[in-house]
Amino acid sequence: MALSLYVDTERWRAHQRSVIQQFPGIVPVCKGNGYGFGHERLADEVSGFGSDLIAVGTTYEAARMKDFFSGDLLVLTPFRRGEEPVPLPDRAIRSVSSVDGVAALVGARVVIEVMSSMKRHGVVEEDLEKLRASIDDVRLEGFAIHLPLDRTDGTDAVDEVIGWMDRLRAARLPLDTMFVSHLGPEEFQRLQQQFPQTRFRARIGTRLWLGDHEATEYRGAVLDVTRVVKGDRFGYRQGKASGDGWLVVVAGGTSHGVGLEAPKALHGMTSRAKGVARAGLATVNRNLSPFVWGGKQRWFAEPPHMQVSILFVPAEAPEPKVGDEMVAILRHTTTQYDRLVER
């Protein structure tokens with residue numbers, strides 16, 4: 001009995017193909033937990049569609065991925081002087097976001113990140129002259145710009161990239177290759193048309209692997225079902241049942257990522273009101289689980305355990321049976337499944 005990830009493989013791969021067609025020269029991103037699929041599985045997919053380059057998050061991920069993927073490995077986390085050395089093959093390419101980082105990587109293959117409106121990391125315009133004096137000591141694979149997902153000020157993503165192209169050109173820096181992130185296909189095409197001498201390469205992870213939500217589904221197996229009446233005590237903390245129904249033990253706990261949630265950016269009064277309501281319910285130990293039964297998400301009876309969760313299913317809902325599976329609405333990037341089922 002397991003928490004399973006079901007994949008409609010043909011549909012999943014058809015979506016991959018559509019993204020690849022929209023972004024020629026795509027750089028697939030395979031970082032973190034491999035977007036829920038794992039590094040080895042994504043390396044197989046990338047090898048299958050013939051990409052020469054794969055992007056990973058850290059040097060530690062690159063050290064693992066080198067055994068699964070035979071092409072080049074682009075490390076997205078910028079190099080920092082004094083970081084722990086990790087043995088990597090020559091096909092590894094380091095991202096660098098400072099002149100000092102370039103100076104410390106003599107002879108290495110590098111991609112230089114410029115500072116975008118993300119303001120996370122990157123070389124700033126004032127350092128371009130110093131940068132030009134140091135790039136002869138490295139093997140420059142190109143420049144990169146990482147753009148924000150939302151542009152609430154109404155600015156244009158393409159204009160931001162063009163601005164940096166102009167600055168780099170004015171500093172007499174080579175514009176053979178520019179790596180970009182978070183552009184739509186039309187924006188990507190506009191850039192390629194405006195700068196035909198530059199090869200633009202889109203680094204894409206979420207859109208590539210998780211863009212078709214109907215291609216994948218998590219399900220937790222029902223392990224035990226116990227009938228309770230209102231007031232019955234149960235669980236580690238001996239809480240009371242809020243009504244008549246069933247306590248349902250389902251596969252999927254904290255070790256799988258169940259109950260763990262990244263903070264969300266809230267936009268508008270409706271989403272903020274829902275956030276306040278959820279917080280209020282949590283103060284009285286009412287937490288909605290990701291598991292769906294009878295067409296509704298069901299409440300945790302108590303906080304999830306390490307490998308299972310206990311849910312309360314009220315008497316008016318269909319009675320769960322051992323061996324049933326409950327659909328689970330889980331975030332791929334924070335979930336670790338027990339088994340993957342191809343459909």
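I take buried to mean under 20% relative accessible area, exposed over 50% and partly exposed in between, with a 1.4 Å probe and protein chains only. The model is predicted, so I note that local features need pLDDT of at least 70, side-chain atom pairs count only at pLDDT 80 or more, and totals for chains, interfaces and linings use all residues. Residues are numbered from 1 along each chain as its sequence is written, and side-chain values use heavy atoms, with hydrogens and water left out.

**Entry 1: Pro320**

I looked up Pro320 and found it buried, at 2% relative accessibility. Pro320 is in the loop between strand E16 (308-314) and strand E17 (325-328); helices (H or I, at least four residues) and strands (E, at least two) are DSSP runs, numbered from the N terminus. For contact I use heavy atoms within 4.5 Å. Not counting residues up to four places away in sequence, Pro320 touches Val225, Trp246, Val248, Trp293, Val313 and Met326. I also checked Leu223, which is 97 residues from Pro320 along the chain; their C-alpha atoms are separated by 10.0 Å.

**Entry 2: Ser116**

Ser116 is in the loop between strand E6 (109-114) and helix H5 (128-134). I read its relative accessible area as 7%, so Ser116 is buried. Its side chain reaches the backbone oxygen of His146 at 2.5 Å. Leaving aside neighbours within four places in sequence, Ser116 is in contact with Ile145, His146, Leu147 and Glu160.

**Entry 3: H1 and H2**

I took axes as lines fitted to C-alpha atoms, for helices over the stretch in contact, with angles from 0 to 180 degrees between N-to-C directions. The axes of H1 (residues 9-22) and H2 (residues 39-48) come within 12 Å and cross at roughly 60 degrees. That angle makes H1 oblique to H2; under 35 degrees counts as roughly parallel, over 145 as roughly antiparallel, 65 to 115 as roughly perpendicular and the rest as oblique. On H1 the contact is made by Thr9, Trp12, Arg13 and Gln16, and on H2 by Arg41, Leu42 and Glu45. I sorted these residues into two nonpolar, two polar and three charged. Here Ala, Val, Leu, Ile, Met, Phe, Trp, Tyr, Cys and Pro count as nonpolar, Asp, Glu, Lys and Arg as charged, and the others, Gly among them, as polar.

I then listed the buried residues of H2: His39, Arg41, Leu42, Ala43, Glu45 and Val46. Their cover includes H1, E2, strand E3 (53-56), helix H3 (59-65), helix H8 (206-210) and strand E18 (339-342). After H2 comes Gly50, with a positive phi near 80 degrees.

**Entry 4: H6 and H7**

H6 (residues 157-170) and H7 (residues 185-194) pack at about 30 degrees, with axes 10 Å apart. I noted this crossing as right-handed. Ala157, Val158, Val161 and Ile162 of H6 meet Glu187, Arg190, Leu191 and Gln194 of H7. The contact residues of H6 with H7 divide into five nonpolar, one polar and two charged.

**Entry 5: positive phi**

I found a positive phi of about 55 degrees at Tyr35, which is not a glycine. Tyr35 lies in the loop between strand E2 (27-28) and H2 and is buried, at 6% relative accessible area. His182, also not a glycine, has a positive phi near 65 degrees. His182 sits in the loop between strand E8 (177-181) and H7, and at 38% relative accessibility I count His182 as partly exposed.

Conventions
Left-handed = near helix turned anticlockwise from the far one by under 90°. Polar contact = N/O pair within 3.5 Å; in protein donor to acceptor, adjacent residues only side chain to side chain.
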